[in-house]
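Subject: Structure for your review

Dear colleague,

Please find below the structure that I am handing over to you. I would be grateful if you could read the notes that follow alongside the coordinates.

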Amino acid sequence: MTAEWIWMNGEYVKWDDANVHVTTHALHYGSSVFEGVRAYATPKGPAVFRLREHTHRLANSCKIARIELPFDEDSLNNAVVETISRNKHESCYVRPLVFRGAGPLGVEGRKSPVQVVIFTLDWGRYLGAEGIEQGIDVQVSSWRRIAPDTFASLAKIGGQYVNSQFISMEAKDNGFTEGIALDYNGYVSEGAGENIFVILDGVVYTPGIGSSILMGITRDSALTILKDLGYEIRYEAIARDMLYIADEIFFTGTAAEVTPIRSVDRIKIGSGSRGPITKAVQDEFFAITSGQKPDKFGWLTQVRQSEPASGD
């Protein structure tokens with residue numbers, strides 16, 4: 001469902017009126033940074049998941065990309081909450097976007113004005129509703145993730161996602177749901193838009209910052225849950241062949257949430273279905289985001305209180 005309002009440079013405009021000129025720098029050179037945020041339906045009304053962390057990462061991405069962010073983080077947080085409220089969402093996906101707008105052509109771009117937008121939309125399970133329970137089939141991509149001296153993996157810069165597009169398109173053309181990319185050293189890095197966890201003999205492995213990963217906020221949430229549940233976690237370089245002998249593998253991401261992987265390169269992972277550790281993480285994650293369990297980690301920002309039922 002298309003939302004009615006978009007926050008654009010400090011003002012609310014109708015969806016169809018939120019336009020940019022064809023000379024916009026970001027269209028030509030990928031000079032944008034963005035975030036993906038989810039708001040979940042709870043008994044108290046819609047709540048945004050880890051809003052402050054997402055906005056802070058957006059600001060850090062701007063810093064890395066040398067894009068001057070014209071709004072402070074509190075203003076952006078308030079704008080996200082108000083946009084969700086104005087569009088009357090109970091749950092939604094939120095896209096904050098900062099980009100260099102219409103100005104002189106040329107790669108450098110810092111003479112172009114900076115624009116900021118926040119829009120919301122209804123968006124279901126990114127990797128398929130059935131994938132949350134049944135798992136998905138993935139392949140190891142022929143495309144590598146970016147080397148540290150080529151791009152900035154810690155920033156969500158629009159132009160860098162051409163690499164992710166190659167990974168995802170190749171996987172879908174080959175009959176898979178998603179791809180896993182190796183890093184510049186040939187070790188496991190991440191999916192096209194997801195972080196990865198590999199479980200073997202009860203130990204949870206995940207690539208570290210040196211494997212050209214984005215430091216995912218849902219990744220951090222899964223790590224917090226795993227630690228809280230008492231699992232051992234190792235941040236190590238993961239060889240491709242370790243994927244094939246793993247007991248469980250799962251993806252994390254704002255869009256993907258917590259999605260199990262049932263096969264890699266058509267090799268069955270574990271039992272070929274969601275494993276117990278993956279399910280434990282899912283159960284805790286979705287219980288917190290749905291408001292069924294207390295928000296003990298302080299992850300939720302309430303948008304508005306639900307109206308009490310008649311007679312209450």
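Predicted model: local features only at pLDDT ≥ 70, side-chain atom pairs only at ≥ 80, totals over all residues.

Strand pairing

Strand β7, residues 114–121, has pairings with β1 and β6 to report. Strand β1 (residues 5–8) runs antiparallel to β7 and is joined to it by two bridges. Within this pairing, Trp-7 is found opposite Ile-118 of β7. Strand β6, which spans residues 92–100, is also antiparallel to β7, and eight bridges connect the two. There, Val-114 of β7 is the bridge partner of Arg-100.

Salt bridges

Across the whole structure, the search returned 14 salt bridges. Several of the pairs are described here.

Lys-14 and Glu-4 form a salt bridge in which the closest N and O atoms are 2.3 Å apart. Because Lys-14 belongs to strand β2 (residues 11–14) and Glu-4 to the segment before β1, this contact ties together parts separated by 10 residues in sequence. Lys-14 is partly exposed, its relative accessible area being 35%. Glu-4 is likewise partly exposed, at 39% relative accessibility.

Arg-57 and Glu-35 are joined through their side chains, with an N to O distance of 2.8 Å. Arg-57 sits in helix α2 (residues 51–65) and Glu-35 in the loop between β3 (32–34) and β4 (37–40), and the pair links distant parts of the chain, 22 residues apart. With a relative accessibility of 11%, Arg-57 counts as buried, because the cut-off for that class is under 20%. Glu-35 is buried as well, with a relative accessible area of 1%.

A further salt bridge is formed by Glu-190 and Arg-145, whose closest N and O atoms lie 2.7 Å apart. Glu-190 is part of strand β10 (residues 188–191), while Arg-145 is in the loop between β8 (136–140) and α5 (161–173), so the contact ties together parts that are 45 residues apart in sequence. Glu-190 is buried, at 3% relative accessible area, and Arg-145 also counts as buried, at 10% relative accessibility.

Finally, Arg-50, Glu-53 and Asp-220 are connected to one another in a network of salt bridges.

With kind regards

Key:
Residues numbered from 1 in each chain as written. Heavy atoms only, no water. Pairing = 2+ DSSP bridges. Helix = DSSP H or I, 4+ residues; strand = E, 2+ residues; numbered from the N terminus. Salt bridge = Lys/Arg side-chain N within 4 Å of Asp/Glu carboxyl O. Buried < 20%, exposed > 50% of the residue type's maximum accessible area, 1.4 Å probe, protein only.
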